[in-house]
Amino acid sequence: MKANKPTIYVAFLLFLGTFFLLSFPQHCLASNNRRLLAYNTPKKTVNEYLKPHNKIRAKLGLPPLKWSEELASYARWWAYQRQGDCAMIHSGSDYGENLFWGSTGRQWGASDAVAFWESERSYYNYYTNSCDAGRECLHYTQIIWKHSQKVGCAKVICTNGYTFIGCNYDPHGNILGQKPF
């Protein structure tokens, strides 16, 4: 039996479509793909995050962090995942990650988040390499982690009006048993 031209054409299109779908890694086709959120962060925004980070590091003689669009894209992707609930849940990536949450009634920005993380400095004991009992200091130690070289950050206003800010660091810090510098 001889196949007609429309049947061959449809079969070819099905083959081509299947080949196309199988040729791309699944993460490239995902609807929540963080690559879809990639764009160049405005220089003003980059500086709003980099300056306070690097001012803290400079006080300790540490090298400055450089901005990473890849990390910013990841931070943006995660921030959008949290936009519906504004929950302080870490993404679980291999990047270092600092999160900030601000309530309504104020315009929260990069300097607020970094200042909040830096405020943990008073709870960090360099000699014992530990936080004071019942206190958090790992956001601060991530900022001053000597081997972290890059940072990328993002901010979203959540559906409840709160602000969610996240910064990711590469390589990550807070390695058990190691001091930040």
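This is a predicted model: local features need pLDDT of at least 70, side-chain atom pairs count only at pLDDT 80 or more; totals for chains, interfaces and linings use all residues.
User: What percentage of the chain is buried?

Analyst: Of its 181 residues, 37% count as buried. Buried means under 20% relative accessible area, exposed means over 50%, and partly exposed lies in between, with a 1.4 Å probe and protein chains only.

User: And what share of the contacts join residues at least 24 apart?

Analyst: 67%, taken among contacts between residues at least 6 apart in sequence. A contact is a pair of heavy atoms within 4.5 Å.

User: Switching to the sheet. What's the strand order?

Analyst: The order is β1-β5-β6-β2. This sheet of 4 strands is open, and its pairing is mixed. Two strands pair if DSSP finds at least two bridges between them.

User: Which strands stand at the edges?

Analyst: β1 (66-67) and β2 do. Each has a single partner strand, so one side of each is left without a neighbour in the sheet.

User: Is β2 mostly covered or mostly open?

Analyst: Mostly covered, with 6 of the 7 residues of β2 buried.

User: Which helices lie on the sheet?

Analyst: α3 lies across β1, β5 and β6, at about 125° to β5. α5 (residues 110-118) touches β2 and β6, and its direction makes about 115° with that of β2. Axes here are lines fitted to C-alpha atoms, for helices over the stretch in contact, and the angles run from 0 to 180 degrees between N-to-C directions.

User: Which residues of α5 are buried?

Analyst: Ala110, Asp112, Ala113, Val114, Trp117 and Glu118. The buried residues of α5 pack against α3, β2, α6 and β6.

User: Pockets next. What's the volume of the largest?

Analyst: About 250 Å³. A pocket is an open set of points on a 1 Å grid over the protein atoms alone, where a 1.4 Å probe fits, with protein on both sides within 12 Å along at least five of seven lines. Its volume is the space filled by probe spheres set on the points, which are joined across faces, edges and corners.

User: Which residues lie nearest its centre?

Analyst: His90, Gly96, Glu97, Gln142 and Asn174, out of 15 lining residues in the largest pocket. Lining residues have an atom within 4 Å of a point. β2 (96-102) and α6 (138-143) are the elements that give two or more residues to this lining.

User: What's the lining like by class?

Analyst: The largest pocket has 2 nonpolar, 11 polar and 2 charged lining residues. Ala, Val, Leu, Ile, Met, Phe, Trp, Tyr, Cys and Pro count as nonpolar, Asp, Glu, Lys and Arg as charged, and the others, Gly among them, as polar.

User: What about the second largest pocket, what's its volume?

Analyst: About 210 Å³. It is lined by 15 residues, with Tyr39, Thr45, Tyr49, Ala154 and Lys155 nearest the centre. By class, the lining has 9 nonpolar, 3 polar and 3 charged residues.

User: Which element gives the most to that lining?

Analyst: β5, with 4 residues. α3 (43-59), α4 (69-82) and β5 (150-157) each supply at least two.

User: Where does Tyr39 lie?

Analyst: Tyr39 is in the loop between α2 (26-29) and α3. At 45% relative accessibility, Tyr39 is partly exposed. Leaving aside residues up to four places away in sequence, Tyr39 touches Glu69 and Arg76. Tyr39 and Glu69 are 30 residues apart in sequence, with 7.7 Å between their C-alpha atoms.

How values were computed
Residues are numbered from 1 along each chain as its sequence is written. Side-chain values use heavy atoms; hydrogens and water are left out.
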